[in-house]
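Please take a moment to look over the sequence and the model before reading on.

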Amino acid sequence: EQEKAVAAAKAEGATEASKAFGAKLAAAEFKAAVAAKGLDLGEALDLIDTTKFVDEQGDVDDDAIKKAVSKLAKVATQKGPGQSGGDFGGGNGGGTPARSLDEQIAEAEKNKNFQLAIGLKRQRAAQTT
């Protein structure tokens, strides 16, 4: 009887481990599917309960993930350039005037983005030669 109890405990432990792993796998697969569709869910992505894509044995239902992401694609924002194409500051759009390289360098250094600052300085040097 003790052996049966040990075997049952092992089986229960294995099932719980499978469920935990399945939950992590489902979350990763869901995020990958969202990214592959080019969706931007922002912070809402963290609010989605991806454990519903895992069965009692810890197996992930890939089809359910695909269906959920397809539904989200109908209402979510697409990643990438804005829908309007952006404002490049030309014409009569009244956009923000372009900043000089010196202004960009100063801002990069202020933000401690030294790699960007070096790149901008190289660009400035190339323009002066």
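Is Thr50 buried or exposed, judged by its relative accessible area? Thr50 is buried, because its relative accessible area is 11%, and buried means under 20% relative accessible area, exposed over 50%, and partly exposed in between, with a 1.4 Å probe and protein chains only. This is a predicted model, in which local features need pLDDT of at least 70 and side-chain atom pairs count only at pLDDT 80 or more, while totals for chains, interfaces and linings use all residues. Residues are numbered from 1 along each chain as its sequence is written, and side-chain values use heavy atoms, with hydrogens and water left out.

Thr50 sits in the loop between β1 and α2, where helices (H or I, at least four residues) and strands (E, at least two) are DSSP runs, numbered from the N terminus. Once neighbours within four places in sequence are set aside, Thr50 is in contact with Ala23, Ala26, Ala27 and Phe30, contact meaning heavy atoms within 4.5 Å.

The protein has 4 helices and 2 strands, which follow the pattern α-β-α-β-α-α when read along the sequence. Of its 129 residues, 17% count as buried, and among contacts between residues at least 6 apart in sequence, 59% join residues at least 24 apart. The accessible surface comes to about 9,900 Å², of which 53% belongs to carbon and sulfur atoms; accessible areas come from the Shrake-Rupley method with a 1.4 Å probe, and for residues only the protein chains shown count as cover.

In one of them Arg124 pairs with Asp102, the closest N and O atoms being 2.4 Å apart. Because Arg124 lies in helix α4 and Asp102 in helix α3, this pair ties together parts that are 22 residues apart in sequence. Arg124 is partly exposed at a relative accessible area of 33%, and Asp102 is partly exposed at 46%.

Another salt bridge joins Lys121 and Glu109, with the closest N and O atoms 2.7 Å apart. Lys121 lies in helix α4 and Glu109 in helix α3, so this pair ties together parts that are 12 residues apart in sequence. Lys121 is partly exposed, with a relative accessible area of 36%, and Glu109 is partly exposed, with a value of 35%. Elsewhere, salt bridges that share partners join Glu16, Lys19 and Glu56 into one network.

Other charges gather in patches, made of residues with over 30% relative accessible area and no salt bridge, in which like charges are joined within 9 Å and nonpolar side chains (Val, Leu, Ile, Met, Phe, Trp, Tyr) within 5 Å. Lys and Arg count as positive and Asp and Glu as negative, while His and the chain ends are not counted, and the place of a charge is taken as NZ of Lys, CZ of Arg, CG of Asp or CD of Glu. Lys52, Lys67, Lys71 and Lys74 form a positive surface patch; Lys74 lies in helix α2 (residues 62–75) and counts as exposed because its relative accessibility is 71%. A negative surface patch is formed by Asp55, Asp59, Asp61, Asp62 and Asp63. Asp59 is found in the loop between β1 (39–40) and α2, and Asp59 counts as partly exposed at 48% relative accessibility.

A last point concerns the backbone. Most residues other than glycine have a negative phi. Lys112, although not a glycine, has a positive phi of about 60 degrees, and its place is in the loop between α3 (101–110) and α4 (114–128).

Methods:
Salt bridge = Lys/Arg side-chain N within 4 Å of Asp/Glu carboxyl O.
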